[in-house]
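Please keep the sequence and the model side by side while reading.

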Amino acid sequence: MPQLGAGAGVWFHNDDAEGVHARLVDAGVAIAQEPFEGPFGLQFSFRDPDGYVVTIHARA
């Protein structure tokens, strides 16, 4: 079965990306990319319940 969301990009801005990451980890959510400083500030990616990769970034 192909990976859901292949070719789709879902990004959300949140000033507290670090806090969102910590809450998702505490909830057992699969982190696809650990936090790092990128062009949009601190950013990380996780898989939603359907398997789609969602990226959270701290700078708009």
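A residue is called buried when its relative accessible area is under 20%, exposed when that value is over 50%, and partly exposed in between. The model to which this term is applied here is a predicted one.

Taken as a whole, the chain has 1 helix and 4 strands, and these elements follow one another along the sequence in the pattern β-α-β-β-β. The radius of gyration is 11 Å, close to the 10 Å that the globule rule gives for 60 residues, so the chain is as compact as a globular protein of that length. Along the principal axes, the C-alpha atoms fill a box of roughly 35 × 25 × 15 Å.

Of the contacts in the chain with a separation of 6 or more, 38% are made between residues 24 or more positions apart. Buried residues account for 27% of the 60 residues, while the accessible surface amounts to about 4,000 Å², with 56% of that surface belonging to carbon and sulfur atoms.

Which residues does Ser45 contact, leaving aside its neighbours within four places in sequence? They are Ile31, Ala32 and Gln33, together with Val53, Val54 and Thr55. With Thr55, Ser45 also makes a polar contact, side chain to side chain, at 2.8 Å.

Technical notes. Residues are numbered from 1 along each chain as its sequence is written. This is a predicted model: local features need pLDDT of at least 70, side-chain atom pairs count only at pLDDT 80 or more; totals for chains, interfaces and linings use all residues. Side-chain values use heavy atoms; hydrogens and water are left out. Helices (H or I, at least four residues) and strands (E, at least two) are DSSP runs, numbered from the N terminus. The radius of gyration is taken over C-alpha atoms; the globule rule is 2.2 Å times the number of residues to the power 0.38. Buried means under 20% relative accessible area, exposed over 50%, partly exposed in between (1.4 Å probe, protein chains only). Contact means heavy atoms within 4.5 Å. Accessible areas come from the Shrake-Rupley method with a 1.4 Å probe; for residues, only the protein chains shown count as cover. A polar contact is a pair of N or O atoms within 3.5 Å; within protein, one must be able to donate a hydrogen and the other to accept it, and residues adjacent in sequence count only if both atoms are side-chain atoms.
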